[in-house]
Amino acid sequence: MTNNKTYILGERALVLEITQDTLSQYQQKKIFALHAWMRAQRVFIDIVPAKTTITGYLMHSQDPEYWLAKLQDAWENIEPEAYEPTIHTIITHYGKHHGPDLQSVANLTGLTESQVVELHSECKYQVKFLGFLPGFAYLGDLNPQLHLPRLDSPRTHVPRGSVAIAQDLTAVYPSESPGGWRLIGRTDTILFDHNLDSPSILQPGDIVKFVPSTEGIC
């Protein structure tokens, strides 16, 4: 049973919205499958999955009513199993100057720094959606023992590749920017390259595994 609505936003944006606060695992997988279907159509200049919506921006103002009907039909008929996630391994340097907040995270959670690293790197995370910066992927779900709020005062500069946590999520900063997440490590992996056809390496539904580097605290 679908519980959604579709509509045109502006001249070229097509929106599919699930009209509930949170998605079931089945609905989340359907969103990932729909995202892959939309990419394959090659008529959208950008596709933006969010918590309960997915929005596609048509390259041109070509017949949005037609594509809105196609979008609704795809949602009703697509199977969650149609999406095969890509698995990414991200080598991470934890602690020291790579992760300046690792010690404070350990202190606030009552863990040792090594335990924080172990808890963070033992899970596989799924890309929930992209936002904030080009290529910035929200990854969940973080181990409950590591749930902490954002910093009271965000940094004005966070280095590219910083591995961070906030609330029930973790992420990698794909480029330098201000930021309020707690930094526990850094990776050399490039996650956004504007020269590629698909600049963002991580896509909604992909699986991410962090692996401590041999030079890390572990």
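Phe136 is buried, and Tyr173 is buried as well. That is in a predicted model, and everything I say today comes from that model. For Phe136 the relative accessibility is 0%.

Let me stay with these two residues. The ring centres of Phe136 and Tyr173 are 5.4 Å apart and the planes stand at 80°, so this is an edge-to-face pair. For that label the planes have to be over 60 degrees apart. Where do Phe136 and Tyr173 lie along the chain? Phe136 sits in the loop between β6, residues 124-130, and β7, residues 137-140, while Tyr173 sits in the loop between β10, 169-172, and β11, 177-179. The pair therefore ties together parts that are 37 residues apart in sequence.

Now the wider search. Over the whole structure there are ten aromatic pairs. Another of them joins Phe132 to Phe136: the ring centres are 5.1 Å apart with planes at 85°, so that pair is edge-to-face too. Ring pairs link six residues into a cluster, namely Phe129, Phe132, Phe136, Tyr138, Tyr173 and Trp181.

Is Phe132 buried or exposed? It counts as exposed, because its relative accessibility is 52% and the cut-off for exposed is over 50%. Phe136, its ring partner, is buried at 0%. Phe132 lies in the loop between β6 and β7. Its phi is near 70°, which is a positive value in a residue other than glycine.

Gln167 is another non-glycine residue with positive phi, in this case near 55°. It is found in the loop between β9, residues 162-166, and β10. Gln167 counts as partly exposed, because its relative accessibility is 41%.

While we are on backbone geometry, there is a cis peptide bond to point out. It joins Gly140 and Asp141, with omega at about 5°. Asp141 belongs to the loop between β7 and β8, the latter being residues 155-158.

One more item on rings. Lys30 lies over the face of Trp75, 4.6 Å from the ring centre.

Next, the largest pocket. Its volume is about 640 Å³. Which elements give two or more residues to its lining? They are α1, residues 25-41, and β3, residues 44-49. Of the elements, β3 gives the most, with six residues. The lining has 24 residues in total, and those nearest the pocket centre are Arg39, Ile45, Asp46, Asp197 and Ser198. By type, the lining divides into 14 nonpolar, six polar and four charged residues.

Helix α1 also holds Gln28. This residue is buried, because its relative accessible area is 12%, and the cut-off for buried is under 20%. Gln28 and Pro204 are 176 residues apart in sequence, yet their C-alpha atoms are 9.8 Å apart in space.

Two further contacts of that kind, again C-alpha to C-alpha. Ser61 and Arg12 are separated by 49 residues in sequence and by 5.6 Å in space. Ser61 sits in the loop between β4, residues 53-58, and α2, residues 64-77. With a relative accessible area of 48%, Ser61 is partly exposed.

The other contact is between Leu191 and Ile201. They are ten residues apart along the chain, and 5.1 Å separates their C-alpha atoms. Leu191 is in the loop between β12, residues 182-186, and β13, residues 207-212. Its relative accessibility is 3%, so Leu191 counts as buried.

Last, the annotation. UniProt lists residues 4-202 as "domain: Carboxyltransferase", and that comes from an unreviewed entry. Across residues 4-202 the chain is 24% helix and 32% strand.

Terms used. Residues are numbered from 1 along each chain as its sequence is written. This is a predicted model: local features need pLDDT of at least 70, side-chain atom pairs count only at pLDDT 80 or more; totals for chains, interfaces and linings use all residues. Side-chain values use heavy atoms; hydrogens and water are left out. UniProt positions are given in the numbering used here, feature names are shortened, and annotations may be inferred rather than shown by experiment. Helices (H or I, at least four residues) and strands (E, at least two) are DSSP runs, numbered from the N terminus. Rings of Phe, Tyr and Trp (its six-membered ring) pair if their centres lie within 6.5 Å; planes under 30 degrees apart count as stacked, over 60 as edge-to-face and the rest as tilted. Buried means under 20% relative accessible area, exposed over 50%, partly exposed in between (1.4 Å probe, protein chains only). A charge sits over a ring if NZ of Lys or CZ of Arg is within 6 Å of the ring centre and within 35 degrees of the ring normal. On a 1 Å grid over the protein atoms alone, a cavity is a set of points where a 1.4 Å probe fits but cannot get out, and a pocket is an open set with protein on both sides within 12 Å along at least five of seven lines; lining residues have an atom within 4 Å of a point. Grid points are joined across faces, edges and corners, and a volume is the space filled by probe spheres set on the points. Ala, Val, Leu, Ile, Met, Phe, Trp, Tyr, Cys and Pro count as nonpolar, Asp, Glu, Lys and Arg as charged, and the others, Gly among them, as polar.
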